[in-house]
4 protein chains.
Amino acid sequence: MHVLNKNILSQIITARPAESHKGSYGRVLTVGGNTQFGGAIIMATSAIIHSGAGLSTCATSLDNLTALHTIVPEAMFIPFDSEYKLIDAISSADIILVGPGLGVDENAIRILQTILQHAIPQQQLIIDGSAITIIADHHEFFPLLKKLHPIFTPHQMEWQRLSGLKISEQDDIKNTLYQQQLQATVVLKKNHTTIYHRDGSISQLAIGGPYMATGGMGDTLAGIIAGFLAQFKLKNYEYVVDAAVYAHSAIADEISKEKYVVLPTDIIADIQVFMKRWVAPHNK
Amino acid sequence: MHVLNKNILSQIITARPAESHKGSYGRVLTVGGNTQFGGAIIMATSAIIHSGAGLSTCATSLDNLTALHTIVPEAMFIPFDSEYKLIDAISSADIILVGPGLGVDENAIRILQTILQHAIPQQQLIIDGSAITIIADHHEFFPLLKKLHPIFTPHQMEWQRLSGLKISEQDDIKNTLYQQQLQATVVLKKNHTTIYHRDGSISQLAIGGPYMATGGMGDTLAGIIAGFLAQFKLKNYEYVVDAAVYAHSAIADEISKEKYVVLPTDIIADIQVFMKRWVAPHNK
Amino acid sequence: MHVLNKNILSQIITARPAESHKGSYGRVLTVGGNTQFGGAIIMATSAIIHSGAGLSTCATSLDNLTALHTIVPEAMFIPFDSEYKLIDAISSADIILVGPGLGVDENAIRILQTILQHAIPQQQLIIDGSAITIIADHHEFFPLLKKLHPIFTPHQMEWQRLSGLKISEQDDIKNTLYQQQLQATVVLKKNHTTIYHRDGSISQLAIGGPYMATGGMGDTLAGIIAGFLAQFKLKNYEYVVDAAVYAHSAIADEISKEKYVVLPTDIIADIQVFMKRWVAPHNK
Amino acid sequence: MHVLNKNILSQIITARPAESHKGSYGRVLTVGGNTQFGGAIIMATSAIIHSGAGLSTCATSLDNLTALHTIVPEAMFIPFDSEYKLIDAISSADIILVGPGLGVDENAIRILQTILQHAIPQQQLIIDGSAITIIADHHEFFPLLKKLHPIFTPHQMEWQRLSGLKISEQDDIKNTLYQQQLQATVVLKKNHTTIYHRDGSISQLAIGGPYMATGGMGDTLAGIIAGFLAQFKLKNYEYVVDAAVYAHSAIADEISKEKYVVLPTDIIADIQVFMKRWVAPHNK
C-alpha cells in the first residue's frame, strides 16, 4: 500500500504544450442530476471545467439547465432523457462521468444502460453516486461493465451495496478481491480514502479531514477525477486518479485553515490556483 | 436572566472528530418558500449549509428550484406540494425547519399539518415565519405541537399573534408563562433578542444592531439555528440555540464595521470563517 | 442653483437608532421588468436592498422571478400582471418605484394606471424609464399624477417626450416651468444631472463621468433614490433625493479609478461600504 | 505581416469625452444560444458589456433568459425565434454578433438568413461559431455577405469548412486569397491567432497560450471584438479588431500567472480593470 504524498501533484500536473487546442484537453460528458439532486451534477461539471478539461457537456434534467449555465456558462447541455442526443454525446466523449444526482428511478436505469451499451473501452467511464447503487441492483449490467474497466467512486455504504461487503468487513484484502472481479478501479471514499488500482496496487490518502463531511463533496471529487483524466493522458491513467484524489483533499486542507466547514463550491473556486502552484517546476 | 457572551461560541463550536462523515453532521429538511417569498427558504437553506450541516434538503415551490441550486448547489430539492415526497423527507430528517416564506394559504396550512403529524419528538422542529402565524390561527395544532417541543423563532408581532400578548405587554414574566404552556423554546427576535428555554431559564442577547433590520435576517437566523443543532448534538440542545443566536449577531456586528446595512447574504458568506475563529482552542 | 457636494452625504446618511426594526426602514414596491427588460427592475430592486430599505417587493414578470431571487434573495416577488396582488402590494408600500424595464405595451399601461389610481399622496412615487414614456403619451393620467407629487427620473430624451422640450431647448428656466406644472420633482439625468425641486430650487451634480454611460445605470439610480427615501424620512425629502443622486455618482467615481467602464452591478456591490464611510461623524 | 504588441492597446482604448451618453458607445445585438449551447451567447454578451458597449440586447432561446439576466442583468433580451422582434432589433443595432451557440439546425439557418437580409453595410457584422459552419454550407448567402464586409472569427476547423483549405494547407498566402474573395476580415483563431484585414495587411498575435484552450474562449473573444467596435469608432475599424484580439490574450496571460487554466468567465471579470490600465496616457 502506497500512501499518497504531494509529489504526485507535480508528476501529473504538467505544463501544457503551446501547440494545443481545446480538443487536446479532452471532451467530457457528465450524466446525472434529476429534479431532486440537480446540484450534484452541476458541481461535478463545474469541477471538471475548473480543473481544465477542454470541452464539457452536461446531460441532465431540463430543470437544471439554468442553474448549470448560471454557475458555469462554459458547460454545454443536453436533456438526459433524449436517448438520441445522449447516444450522440457518448460517441464524441473521451471521458464519461455518470451518477451524480442521477437518482435510481426507471429513467435513471435506462440512462445508465444506454451509457453502458454505447461506451467503448477507449473511453474512460467514471461511475459515481446513484449509478453505483443502480449497478448493485442490476447484475445483468456486469458483463457490459467489465469490458469498460470503469472507475467506481463509492462511499462506504455504496461499496457495501456494490460489493456485498458490510462496512465493518471492508478491508484491503476483501476490497481488492471484489474490485479485481469488477476489473475496475475503485476509489473508496472515507476518512483516508483508499484507491484500488487494476494492477492490484493500492494507494491511500493520508490528508483531508472532517471539514469535508458535507453533501456534494463526492460529486466534486468525481469531477476533478474526470477533469484530470481528460487532460493528463498517461498510459498509467491510475496515477492521474491518484493525483486528482490527492488534489481534492489538499485543496480542502488549505481552505480548512480559514473555514470551519469546506463546501464543494469552495473547492471548485480554488482548483485553478491550486493546480498552478503544483505545475511541475521543470515545466514552468 | 443570563446575558449571552462570546464564551458560548467556543463551548459549542467544537473540533470535529476525524472519524466522521456527512451523516454525522445531521440531515436537515427546510420547508417553505412559495412563489412570493422564495428567497426566505433559499437563504435559510444556504445558512444551514454554510454553518456546516451534513446534508440539507429544501422542500419548496418548483418556482424556487433554479434559484436554490444557483445560490447553493449543495442543497437537495423536493417540491413542497408533493405530500408523498414530503412525508418521506420528514422521516429521514434529524432537524426540520418550517416556515420561511411558507405563506399562510391553504397549501401552507396543509404542509404544516403534514409536518406536525409526521414529525416525532426525536427530531428537532424549528417553527419560523409564516408557520408561526398559521399556528396562531389553528389552535387545533397545539396537541400535536406540544409533544414535539419545537423551537419557535417569532419576531414581536408574530409572538403577539401566537401568545396573545400585545407587544407593549411582552415582558419576561408573561412571555415565560405562555412559552411554558407551549412546552417549547421561544427565540423572541427584537432589539436584544431573548431566548426562553424549556427549563425556565432565559438568555438574552446584548449584541447586534439596527444594521440588521432588513428582510430575510430572521430566515438566516433560523437557518443558523438549524445548522448548529444538526451538528452540535448536546443533550442540553438549548445551549446550541444560544450559540447560534449569538453567532448570527456577532457576525453581523463584524460586518457592520464595514457596511452601513448588513444583508442576510453577507452573513451567510461569513459563517464558515467566523466559526473557524471560534473553535474551542483546546480542540484546535 | 446649488452644486451638490459631499456634505449632503453625512447630512442624510445618519446612524440608525438602536430601537428600530425592518419596518422602520420602509417598505418599497418596485414595478417593472417585462420579459425583454427584466434586468432593469432586478438591478433597481437590488440597489434598494443594498442601500438599506427594510423590506422590498418586486412586481415583475414571472419570467424574472428566478433571476431576481438568485441576484437578491432578500427581495419578495409578486407577478405584475395580477391586478389583485398589485393593488394589495401598493396599499402596504411606503415607496413605489415604477418603470424600470416596464415597457410601453397595453399591459404596462394598465399596470401604471393601477398604480396611479391606488397610490396615495402619503406614499412616495418614483416614475422612471418606460413609465415616463407612457405618461408622455397619456395626458389623461396627469390629474392623478399631480396629487401624488411624484419624482420623475428621465434622461434627456424621456424629458423631451414628457415636457415637449427638445434636448437643445432644455435649460433651467424652461425645465423649471414645465416641472412646476407637473407639481413633481424632476431628476434630469445627463452629464451633470440636474434636480428640479418642488420648491423651485435646483440642485446640480458636478461629479460622475462617461464611464457611467452604460445600460442599467438609470435603473440603479432610481433604486438608490427609493432606498434612501425608504429609510431617511425627512420632511424635506428632496434633500434625500439629492443625497441619493450624489451617492450614485460618487460611488461610480471611486470605481472608475480602477475600471474603464463602471457597471450598474459594480455600483450596487459597493453601496453598503460607501454609505458606512459617510455616516454622519457625530453619529458614529 | 505585423506582429501585434501592447502599443495597440493605448492607441485604441482612449479616454471617453465627458459629453457622451450610453448611445455614444454603441448598441450591440448578439444572436445565438440554442438550448444546448446557451452559455456561449451569454458569455459573448457579458464580455461585450464588461468591455464597455453602451447598450446590449441578446437574441437567444427563451431557455437562456434567466441565466443571461442572472449573469449580466445589464443585458436586454429578445427571443431569437421571433422574426418580427429580431428584424426590429437588427434595425437599431450598430454592431451585430451572430453565431455563438447558435447551432446549425433549421431555426439557426433561418435566423442567420434574417440577419443577412436585414443588416446593412453601415452596421458591423461579426460572424462566429456555428454561423460560420452554416455559411460554409450555404453558398447562396455569399452575395448577401459580401456587401456587408463582415468579420469572421473561425478556428482552424471552421476556416477549413468555410474556405475549403485543409488545416495543413492554411498559410498566409492561401488564407489571404480566400479572405479577399470574401471581402471580409478574418480572425483565424489558433496558437498565435492571425488577422487578415480587408486591405490585405496581416496582423499576428504572439501572446496567449494553451491555458486558454477551453470551451467558450472564442465566444468571449467575439464579445470583446464587438464591445470594442461598439465604442471605438475608427474609420480604420480593423485596428480596433487588432486591439480586441490582443486584449483578450493579454488578459489571459495575466490570469495565467495565478491559474493553471484560464476560464472565459475569468477573462470577462478582468476586462474593466485591464482596459483602465491601458487607457492612452495622454488621455488620463
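Predicted model: local features only at pLDDT ≥ 70, side-chain atom pairs only at ≥ 80, totals over all residues.
Residues are numbered from 1 along each chain as its sequence is written, chains are lettered from A in the order in which they are written, and side-chain values use heavy atoms, without hydrogens and water.

Me: What makes S9 and S10 of chain D a pair of strands?
Reply: Two strands pair if DSSP finds at least two bridges between them, a strand being a DSSP run (E) of at least two residues. Strand S9 (residues 194-196) and strand S10 (residues 202-204) of chain D are joined by 3 bridges and run antiparallel, so they count as paired.

Me: Why are S1 and S4 of chain D said to stand at the edges?
Reply: The open sheet of 10 strands in chain D has the order S1-S10-S9-S8-S7-S6-S5-S2-S3-S4, with mixed pairing. Strand S1 (2-3) and strand S4 (76-79) each have a single partner strand, so one side of each lacks a neighbour in the sheet.

Me: How do you know how many residues of chain A and of chain B are in contact?
Reply: Contact means heavy atoms within 4.5 Å, and by that rule 30 residues of chain A are in contact with 34 residues of chain B.

Me: What is the count of salt bridges between chain A and chain B?
Reply: A salt bridge needs a side-chain nitrogen of Lys or Arg within 4 Å of a carboxyl oxygen of Asp or Glu, and the count between chain A and chain B is 0.

Definitions and conventions:
Helix = DSSP H or I, 4+ residues; strand = E, 2+ residues; numbered from the N terminus.
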